Amino acid sequence: MKKTDLNLLITLNVLLAEGSVVRAAQRLGLSPSAMSRALARLRKTMGDPLLVRAGRALVPTPRALELREQVNQLVQDATSVLRPAQRLDLTQLARVFTLRSSDGFVENFGAALLARVRQEAPGVQLRFMQKLNKESALLRDGIVDLETGVVSMEASPELRTRALFNDRFIGVVRAGHVLSDGAVTTARYVAQGHIMISRRQGHKGAIDNALQLLGFERELAASVDGISTALALAKDSDLVATVPERHSLNLRRGMFSFPLPLTLPSITVSMLWHPRMDADPAHRWLRQCVQEVCGIDYQGSSCQTALIDP
């Protein structure tokens, strides 16, 4: 197929607007002879004379009159596409963003994020989706705009990531639990019944590996797939839930929290998005909102005071 020179659209638009080769040449910064050659190319390409002489002037053919508005609109649309994005007006922004997050994120940061978004862009809606796996297809396909969570080795290398905060694991029990009185040693910790948080049956993670190195093993009484379920069970039983500290702040209010008697690496919670959203002004604004909400100084992060007031 013969390649079409789209620059001819601009030339045609100016010729039809000016009705003169000389004036069209001046407007485009060309010589009259160069413009005449361009008109000849247009006539050959389109199979129509487009502009014909009537006395000392040029008049458009019926085909040219038919195309004039369409060509003008095409040039305007193309110019708009190639122009840098206009400054984002948050007060006029109307858009729905889908955020996929791991258990505990919405409970602790969702309300603050919503308040921030509604204050700056009242026409924006947030749709929260639970993150049940680490598949990146939803980001790639545009179904999800932004994700939060721990970046795994399986994450697609094409995704963009930015760290939000570090978190650490702590132990949580009901108020008045035996562990709320006195120092929590490793022996006292493993002597209790425990709730395992895992979506894979029979999976043992960093906590059990660290205990094994110390010569201990905890008794697993129940297995659940999320932080909120684990804390709900621990609140009404004598079981111990071991959960990320910042992800569980609101969920464990009124319960007793304590530092683990073993050393575990901290986890980094990040946000992830597809690179096609990098330059989108509205998406950049959303990412900034999430980062600033998660970056608010964390009060009461130390578990030494243990009992968190309801």
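This is a predicted model: local features need pLDDT of at least 70, side-chain atom pairs count only at pLDDT 80 or more; totals for chains, interfaces and linings use all residues.
User: What domains is the chain divided into?
Analyst: Domain 1 covers 6-82, domain 2 covers 90-165 + 268-295, and domain 3 covers 169-259. The bounds come from an automatic or database domain assignment. Taken over C-alpha atoms, the centres of domain 1 and domain 3 are separated by 76 Å.

User: What does UniProt list for residues 4-61?
Analyst: An unreviewed UniProt entry lists "domain: HTH lysR-type" there; such annotations may be inferred rather than shown by experiment. In the model, the span is 60% helix and 14% strand, and its end C-alpha atoms lie 22 Å apart. Helices (H or I, at least four residues) and strands (E, at least two) are DSSP runs, numbered from the N terminus.

User: Why are H2 and H3 called roughly perpendicular?
Analyst: The axes of helix H2 (residues 21-28) and helix H3 (residues 32-46) cross at roughly 105° and come within 9 Å. Axes are lines fitted to C-alpha atoms, for helices over the stretch in contact, and angles run from 0 to 180 degrees between N-to-C directions. Angles under 35 degrees count as roughly parallel, over 145 as roughly antiparallel, 65 to 115 as roughly perpendicular and the rest as oblique. H2 and H3 are therefore roughly perpendicular to each other.

User: Which residues make the contact of H2 with H3?
Analyst: Val21, Ala24, Ala25 and Leu28 of H2 meet Pro32, Met35, Ser36 and Leu39 of H3, where contact means heavy atoms within 4.5 Å. Seven of the residues are nonpolar, one is polar and none is charged. Ala, Val, Leu, Ile, Met, Phe, Trp, Tyr, Cys and Pro count as nonpolar, Asp, Glu, Lys and Arg as charged, and the others, Gly among them, as polar.

User: How do you know that E1 and E2 pair?
Analyst: Two strands pair if DSSP finds at least two bridges between them. Strand E1 (residues 51-54) and strand E2 (residues 57-60) have four bridges, in the antiparallel sense. Arg53 stands opposite Leu58 in E2. The hairpin has two residues between the strands, and Gly55 takes a positive phi near 70°.

User: What makes E4 and E6 edge strands?
Analyst: Five strands form an open sheet of mixed pairing, in the order E4-E3-E5-E12-E6. Strand E4 (124-130) and strand E6 (160-167) each pair on one side only. Strand E3 (residues 95-101) and E4 pair in the parallel sense over seven bridges, with Arg127 of E4 as the bridge partner of Thr98. Helix H5 (residues 105-120) packs on this sheet, and its direction makes about 170° with that of E4.

User: Why do E9 and E11 stand at the edges?
Analyst: The sheet has the order E9-E8-E10-E7-E11. Strand E9 (219-224) and strand E11 (256-259) each have a single partner strand, so one side of each is left without a neighbour in the sheet. Neighbouring strands here are turned by 35° against each other on average, direction ignored. Strand E8 (residues 193-197) runs parallel to strand E10 (residues 240-244), joined by two bridges.

Methods:
Residues are numbered from 1 along each chain as its sequence is written. Side-chain values use heavy atoms; hydrogens and water are left out.
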